[in-house]
Amino acid sequence: MTSTGTTIATTTETGAARSFLFVLGSSRPGGNTEALARKAAEQLPPDVTQRWIDLAEHPLPDFEDLRHDSDHVRPTEGPTAVLLDATLAATDLVIASPLYWYAVSASTKRYLDHWSGWLRTPGVDFKKTLAGRTLWGVTALAHEEPEVADPLVGTLNNSAAYLGMRFGGVLLGNGSKPGDVLNDEAALREAKTFFAREAPLAAFPYER
């Protein structure tokens with residue numbers, strides 16, 4: 001239960017224990033996006049597992065598209081294996097990426113590009129495994145107008161829709177200098193109940 005009295009479920013609709021994976025896509029440690037994500041994570045019940053992976057500390061190689069040549073081979077070591085296994089294990093996946101040129105960061109985009117390979121990796125069943133699970137987003141932006149983050153929101157929503165995932169939306173905070181987002185009272189209020197909100201099945205804009 002959050003400090004505001006809003007209940008955060010500790011299990012999924014199927015009864016599985018919830019497990020959150022936070023994927024940090026900032027180019028600097030301890031930035032505003034991470035700070036906001038951690039404020040939201042503070043509200044999770046203690047029996048909900050949290051795992052945090054910083055893409056700067058687990059750099060992925062550039063994605064190689066093999067779909068017309070051969071199948072991808074499941075990675076067994078290195079950052080790619082770590083991120084694949086962590087992604088498959090999570091019931092709730094949180095993409096915490098700053099707004100860079102109105103979209104996700106380069107490291108975040110590379111992570112999402114690798115999803116294309118995991119979709120075509122024998123034995124992984126990536127799409128089937130993630131279907132029904134929940135994708136969330138957290139971002140900090142320098143603009144005070146939230147509409148400028150629409151491309152980032154669209155990327156995450158459409159990715160969730162393609163995989164048949166639920167989409168909990170994106171927690172937006174305002175900040176430029178490190179620590180700025182902690183002065184955004186509206187964002188901090190929303191962070192208290194962000195993971196308690198309903199996460200409907202994602203849909204492409206043309207399906208609504």
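Gly164 counts as partly exposed because its relative accessibility is 30%, a value that lies between the limit of under 20% for buried residues and that of over 50% for exposed ones. The model in which this value was computed is a predicted one.

Gly164 belongs to the loop between helix H5 and strand E5. Leaving aside residues up to four places away in sequence, Gly164 touches Ala131, Gly132 and Leu201.

## Strand E4

Strand E4, which spans residues 134-141, is mostly covered, with 8 of its 8 residues buried. In a regular strand, side chains alternate between the two faces of the sheet. In E4, Thr134, Trp136, Val138 and Ala140 point one way, while Leu135, Gly137, Thr139 and Leu141 point the other way, and the residues of both sets are all buried.

## Pairing and crossover

Strand E3, made up of residues 92-96, runs parallel to E4 and is joined to it by 5 bridges; within this pairing, Leu135 of E4 is the bridge partner of Leu93. E4 is also joined by 7 bridges to strand E5, residues 166-174, and these two strands run parallel, with Arg166 in E5 as the bridge partner of Thr134. Between E4 and E5 the chain passes through helix H5, residues 150-163, in a β-α-β crossover that is right-handed.

Terms used. Residues numbered from 1 in each chain as written. Predicted model: local features only at pLDDT ≥ 70, side-chain atom pairs only at ≥ 80, totals over all residues. Heavy atoms only, no water. Buried < 20%, exposed > 50% of the residue type's maximum accessible area, 1.4 Å probe, protein only. Helix = DSSP H or I, 4+ residues; strand = E, 2+ residues; numbered from the N terminus. Pairing = 2+ DSSP bridges. Right-handed = clockwise from strand over helix to strand, strands pointing away. Contact = heavy atoms within 4.5 Å.
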